[in-house]
Amino acid sequence: MSSSISLTLNPLPGFCVKSSVLQQAVAPRTATSLLTSAPSDTLGAPITIPKGLKVFVNIAWDTNVPPPPPGSEDTIQKVIRGQDYNESNSDGWFIPILVSDPRDDKDKAGKPALVVDCVLNPSIKSRTLKEADFKAFIIELALQRVESHTSLELSRQIGTPNIASKGKPVSRQVMVPRILFPPGHPHHTSDTKTILIQELASPTAIAPASKVERILKSATPTWTWTATKDHRKIRFIINVPNLTRAHISSSTLDVEPRRVILHVPLLYDLDINLDVPPDTEPTTATYGRPDEAATELKRFRDLDVDGAKAEWRVAEKVIVLLA
């Protein structure tokens, strides 16, 4: 059984948060961000996102997003307050969020704006709507994940428009680690040894995870790639020297036809976008090969989403993804 499962998200609107961009940024134009008037050959071209541009974050719900793991109320309150906690603790608690690419829209005055969907499991919907502190926590968490996903810096001077969502949340296909679903769930792995990344060759000792703050900038791992001999798949080698077993259960590896997104909470964030020209690649994705090799990669066929496999080679301190 594969350690990840391909699922379709059809998010149901929850509520909307309005923020704005604090600093001008440059980002690639993605398929979902194309304006209806923009030609399709502009896909991957860099676009300038000006300071002050409004950003609407849709908080939406879908049962195909894993629910938070069980946790005591004391643990949950500590996480909400942003207190230090040890990720190796079995009581570790987190909320999975699947973030979409930003897409173009307009505000009610007709001015340009961006929209991003943050999709969560509906098991926390009731608490989010009933408890102001918990809702504030979800909003802050969503803003952090959007910042990590897009490299934008968002204002915390926010508004909550009286709408369920800005436009309709976008349906999309995602890869989700089976281990994130609880035992007994149809998407949960039936093999307790099957994890997000299959572990190969354990070292004699692994240092425990250190205490970290919930709000922390993640590092970007370096990576390289090669094509298989038959040129039917691509082998990515991602350097993760600080990854431990304690991080695996809360990590996500999202493989899309033209994109690979690795998220290890508080440790690593990597976004490999094959539609971004190599000379405009954001600094958050570091190539381990020359520019000409990066160009060749981006001309390669789409990734094999359904047949993707990943393994964590402990001794080599790398993740190997074949897709």
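Phe 134 is buried, at 2% relative accessible area (buried means under 20%, exposed over 50%, partly exposed in between, with a 1.4 Å probe and protein chains only). Phe 137 is buried as well, at 5%. The model is predicted: local features need pLDDT of at least 70, side-chain atom pairs count only at pLDDT 80 or more, and totals for chains, interfaces and linings use all residues. Residues are numbered from 1 along each chain as its sequence is written, and side-chain values use heavy atoms, with hydrogens and water left out.

Two aromatic pairs were found in a search of the whole structure. Rings of Phe, Tyr and Trp (its six-membered ring) pair if their centres lie within 6.5 Å; planes under 30 degrees apart count as stacked, over 60 as edge-to-face and the rest as tilted. The centres of Phe 134 and Phe 137 are 6.0 Å apart and the planes stand at 50°, so this pair is tilted. Both residues lie in helix 3 (residues 132-150), three residues apart, which is about one helical turn. Helices (H or I, at least four residues) and strands (E, at least two) are DSSP runs, numbered from the N terminus.

Trp 223 and Phe 236 form a tilted pair, with 5.9 Å between centres and 50° between planes. Trp 223 belongs to strand 11 (residues 222-227) and Phe 236 to strand 12 (residues 234-239), so the pair ties together parts 13 residues apart in sequence. Both of these residues are buried.

Charges also meet rings. The charged end of Lys 135 sits over the ring of Phe 15, 4.5 Å from its centre (NZ of Lys or CZ of Arg within 6 Å of the ring centre and within 35 degrees of the ring normal). The charged end of Lys 166 sits over the ring of Phe 56, at 5.1 Å from the centre.
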